[in-house]
Amino acid sequence: MSLITGFLFVVIAPLVGGLLSGIDRKLTARMQGRIGPPLLQPFYDVEKLFQKENLVARHTQNLYMEFFFVMTIFTGALFFSGGDLLLVIFSLTLAGVFFALGGYKASSPYSFIGAQRETLQMMAYEPAVLLVAVGMYMVTKSFQVADIIAYPKPLILDLPGFFLAFFFILAIKFRKSPFDLSTSHHAHQELVKGITTEFSGRTLALIEIAHWYEYVFVLGIGYLFFAWNMWIGLVVTFFLFELIIIIDNAAARVRWQWMVGGAWIIALIAGMGNILYLMLRH
Amino acid sequence: MLFQLLSFLIIFPLCIAALAFINRKASAFAPLVYTGAGMLILASLMLLSIPLGGKTVMIPAHITWAEPVILISEIAISAFLLFLALKRKDIVVSSLVVASAGLLFWFYFGPGHAAHAENNLFLDPFSVIMGLIVGMIGSLIAVYAVGYMKDFCKHHREIPDRRPVFFGIIFLFLSAMFGVCFSNNLFWLFFFWEITTVCSFLLIGYKGDEPSVKNAFGALRWNMLGGLAFLVGIIYLYMSTGTVELDKALQLPKAVVLLPVVLISFAGMTKSAQLPFSSWLVGAMVAPTPVSALLHSSTMVKAGVYIVLKFAPVLEGTLAGFVVALIGILTFLMGSFICISQTDAKKVLAYSTIANLGLIILCAGVGTYEAVWAGILLIIFHAIAKGLLFLCVGVVEHTIGSRRIEDMSGLIMRMPRVSVMMQVGIAGMFLAPFGMLISKWAVLKALLDYNPFLALFLVFGSSATLFFWVKWIGKLLVIDRPYQKLEAKVSKDQMFALGTLTVLTILMCGFFSHVANTMIEPYVFMIYGKQMEMSAGNVTTMGIMLTMVALFPFSFLDSSRKVKITDAYLAGANTGERSHQFTSSLGGVKDMALKNYYLEDHFPEARLMGLGVGLAILLCVALAVIGGVGCL
Amino acid sequence: MGALSKSPWIIHYDGSSCNGCDIEVLAVLMPRFDLERFGVVNTGNPKHADILLLTGSINHQNAPIVKSIYDQMPEPKVVMAVGICATSGGIFRECYNVLGGADKVVPVDIYVPGCAVRPEALIDAAVQAVGLLDKKRAAALAAEKEKE
């Protein structure tokens with residue numbers, strides 16, 4: 001874990017993320033009995049978006065999304081270079097805030113409501129993400145990602161509660177059903193496209209790429225639970241992603257009360273139980 | 001030299017106050033305030049030049065006339081308050097005044113006759129920080145108040161123009177605050193403490209109408225109760241150990257001083273509006289905005305957390321400390337939740353102040369070196385950013401005629417500079433890499449080494465703060481109809497204060513590791529002999545983040561980017577002002593309306609407050625029992 | 001093939017159609033025909049769309065809406081008039097409130113007649129539309145060059 005891995009993340013993550021997104025499209029199509037688009041379809045989409053005109057409703061709305069893009073890359077790079085997990089999470093929040101503010105700035109009813117819901121989503125997943133850091137610190141005595149990865153035993157055995165809380169918020173973070181409240185890849189027309197409604201062309205492409213980075217980064221946090229063996233970790237993380245896609249296709253969107261309530265209650269109960277477990281064990 | 005500086009800081013504002021009281025000509029006080037504020041800023045900056053070398057410097061400061069003056073002033077204040085309370089038939093306040101005056105008398109002329117302090121004043125790195133906050137932010141707010149009160153008189157013609165008195169009280173308050181920060185003699189500290197209570201009472205009631213007076217008495221009630229506890233604490237301390245000095249009390253064994261410390265912490269919690277006493281601070285928002293900024297967020301309420309933090313080494317590892325920490329985290333949690341459902345900007349600020357003070361009290365209750373380090377950092381960042389936010393809201397209220405957050409949409413178009421400063425203030429409250437977040441990070445680390453369960457609650461409170469601050473910034477950015485620029489109405493002195501505080505917020509963030517190393521570190525090291533570690537890598541990371549955020553405004557300069565402006569998407573029904581109006585299903589032209597979520601049903605103010613007060617009363621009872629048992 | 005032709009995103013606007021064509025439009029996105037094989041996505045948002053797919057005739061009420069949706073789409077863009085009503089007004093052509101086909105308000109590139117339109121015709125139209133998208137982009141680039 002060093003600057004090199006951080007740099008590798010910057011280069012490789014969009015490829016991996018785009019590929020994951022392609023697998024998502026393909027798997028979704030198969031679950032619906034369709035053939036589905038080519039595996040590389042997300043890359044085609046983004047390439048196309050770069051060739052389109054950049055329309056905006058407000059002059060400066062794109063700047064927020066550009067900073068979201070940059071901050072997301074920074075977050076991931078910080079994580080993969082073995083930095084402080086809490087700082088990584090704060091940086092993630094900063095990126096998320098820029099994303100939401102972009103939606104606010106665009107000032108259309110759809111982007112506005114998307115931004116509101118994005119903020120709600122942030123409120124919903126923040127405790128669980130922070131608790132992951134808390135749990136890892138309790139076991140490994142360090143917030144440094146590098147130290148956590150070097151921990152010789154599987155963290156999942158010590159932190160099942162935190163993992164449960166984290167799994168619940170994965171779908172929120174990926175903006176997948178049942179928690180695709182702020183924006184969605186599927187045709188939920190009442191929101192139009194939620195927070196990204198007013199963004200087009202190059203900016204939309206950047207948002208899409210930023211989401212790919214996010215995929216890899218968030219899965220990276222999931223990987224930490226299984227990091228004692230790299231191969232098992234990678235396989236489990238991949239299955240986590242598949243599981244989220246399957247749930248995405250099987251579930252309907254829930255109301256925000258369910259999302260925030262569910263995420264908080266699970267984080268609270270599972271977190272408390274896990275902390276108790278760790279304290280009793282010592 | 002040091003004695004002169006400290007006494008200058010205490011006595012000089014007093015002179016300004018006296019001048020303002022004597023010369024009540026409306027033209028005279030503005031230059032007076034500017035001069036006074038300028039001198040105070042310079043003098044408080046001189047505190048930095050004193051080489052403390054990481055030690056407490058004791059100053060005997062034996063002034064023969066001090067004792068009688070203090071006693072006479074106490075009598076005068078008590079008589080004055082008693083008169084007002086009786087006039088209003090407020091039995092609680094009058095009995096509290098009588099009780100504390102009686103107790104003081106009994107002590108002075110009875111058992112405490114021979115009470116003597118070796119050192120009356122002191123200076124350590126923590127009081128330097130407090131002095132700087134009072135001097136710098138207090139003076140800036142005073143400067144701001146000159147322009148603000150001018151507008152205030154214009155807006156409220158029904159209220160008689162008593163501005164000289166207003167500024168007199170403000171400077172009297174500043175003097176008392178310096179007194180609180182530098183007093184080693186606990187009786188002096190108590191005296192200054194009571195003066196801040198009285199100033200707060202007078203300033204909340206400044207408007208003189210029924211709600212103001214009612215809330216002023218509400219504030220007075222809790223603060224007098226706290227004051228009484230403070231007094232009992234000191235007297236008990238003297239009777240059981242024979243000392244009335246802060247430094248000596250801190251050196252005594254924990255078991256001996258625990259009860260007085262619990263009593264004084266109780267006083268600190270009333271002053272800092274912790275649950276169950278929080279309602280007074282919310283009520284205090286009826287006061288003119290500079291008062292809210294100065295007394296009820298940046299300085300006076302910090303006196304409460306200051307004294308509790310001072311006694312943190314005593315609380316460390318005790319059950320009493322744990323209960324104090326619980327009250328702190330409860331206040332933080334409830335305050336943050338309630339903020340979500342508030343539409344009034346000042347109420348949001350009030351509740352978030354209560355919440356952040358709760359966080360500091362939490363640190364004090366935990367009492368480990370990391371927690372104290374985090375607590376002091378919180379005091380600094382909160383004072384600056386919250387002061388800035390209050391002042392921004394004040395300006396906005398006078399310009400657009402409302403302080404509801406819903407009415408602030410498009411502020412970025414109407415008042416670009418003020419709204420940017422407001423955004424800096426808000427970012428300073430919750431966003432990485434600004435100050436408060438660094439502090440929260442430190443709190444989290446401190447809690448994990450103390451009791452991870454507390455950390456569990458902290459993360460929920462902090463995610464609630466994220467929600468309400470983001471939606472506030474969002475509201476400033478939303479442009480839901482064409483707006484005109486209104487900023488020219490804001491006076492120069494207000495802009496000066498706002499600008500300086502904005503720059504301070506950003507600078508503090510940029511130089512936070514320097515500030516932490518040179519100002520907080522020595523204090524923590526002096527008390528605990530341990531050093532707070534901030535790994536160099538993290539400081540660098542934070543620097544990079546700050547640089548990136550700082551670059552953000554510059555991206556607005558690049559106006560040559562290739563974008564084409566079209567209408568916002570309104571399902572194709574755009575009409576008239578095409579991005580803001582649409583054809584409704586009945587055919588008429590409708591204005592678009594964008595309203596924030598406030599989730600009143602899920603975060604109801606009254607219910608959460610009730611719950612918080614109930615739990616906090618239980619905790620207070622527990623605290624009393626623990627304190628009582630401890631002294632047996 | 002350029003990138004544009006690999007990822008045509010559609011916005012579907014139902015003017016005053018009888019829903020016959022709309023059902024067929026949805027049918028081509030469904031498993032039997034699965035237009036997503038060619039990267040087609042029904043976005044429901046003009047700012048993201050490349051192809052404006054219109055069904056039903058244009059009347060006085062929906063004319064300004066079709067126009068503003070078209071205006072809100074980023075270049076390059078293609079308009080498909082789907083079904084006989086959208087191409088010419090169909091049997092509603094002589095109604096007092098009907099203006100006619102989609103070409104009364106927006107420049108239509110591809111006409112797909114039928115009542116209701118056949119899915120195979122729609123797929124054929126989509127394939128033509130992606131070709132047009134690439135052409136339009138090339139033309140726009142050439143025009144830009146000329147300007148310089």
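**Figure 1. The helices, strands and overall dimensions of chain B.** In this predicted model, chain B is built with 25 helices and five strands. Its radius of gyration comes to 25 Å, close to the 26 Å that the globule rule gives for 632 residues, so chain B is as compact as a globular protein of that length.

**Figure 2. The contact of chain A with chain B.** Here 53 residues from chain A meet 46 residues from chain B. Which elements of chain A give two or more residues to this side? They are strand S1 (55–56) together with helices H3 (61–80), H4 (85–106), H5 (109–140) and H11 (256–281) of chain A. H5(A) gives the most, with 16 residues. Sorted by class, the chain A side holds 34 nonpolar, 13 polar and six charged residues.

**Figure 3. A strand pairing between chain A and chain B.** Take a look at S1(A), which pairs with strand S3 (residues 564–565) of chain B. The sense of this pairing is parallel, and two bridges make it up. As for individual residues, Leu55(A) has Lys564(B) in S3(B) as its bridge partner.

**Figure 4. The contact of chain A with chain C.** In this view, 26 residues of chain A are in contact with 18 residues of chain C. Helices H2 (41–51) and H9 (201–224) of chain A each supply at least two residues of the side that touches chain C. The largest share, six residues, comes from H2(A). On this side of chain A you will find nine nonpolar, nine polar and eight charged residues.

**Figure 5. The crossing of two helices within chain A.** Helix H1 (residues 3–31) of chain A meets H3(A), with axes that come within 7 Å and cross at roughly 135°. Oblique or roughly antiparallel? An angle over 145 degrees would count as roughly antiparallel, and the crossing at roughly 135° therefore makes H1(A) oblique to H3(A). The handedness of the crossing is right-handed.

**Figure 6. The residues where H1(A) and H3(A) meet.** From H1(A) come Thr5(A), Gly6(A), Phe9(A), Val10(A) and Ala13(A). Facing them from H3(A) are Ile73(A), Gly76(A), Ala77(A) and Phe80(A). By class, this contact has six nonpolar and three polar residues, with no charged residues.

Notes. Residues numbered from 1 in each chain as written. Chains lettered and ligands numbered in written order. Predicted model: local features only at pLDDT ≥ 70, side-chain atom pairs only at ≥ 80, totals over all residues. Contact = placed C-beta atoms within 7 Å. Helix = DSSP H or I, 4+ residues; strand = E, 2+ residues; numbered from the N terminus. Nonpolar A, V, L, I, M, F, W, Y, C, P; charged D, E, K, R; others polar. Pairing = 2+ DSSP bridges. Axes fitted to C-alpha atoms, helices over the stretch in contact; angles between N-to-C directions. Parallel < 35°, antiparallel > 145°, perpendicular 65-115°, else oblique. Left-handed = near helix turned anticlockwise from the far one by under 90°. Rg over C-alpha atoms; globule rule 2.2 N^0.38 Å.
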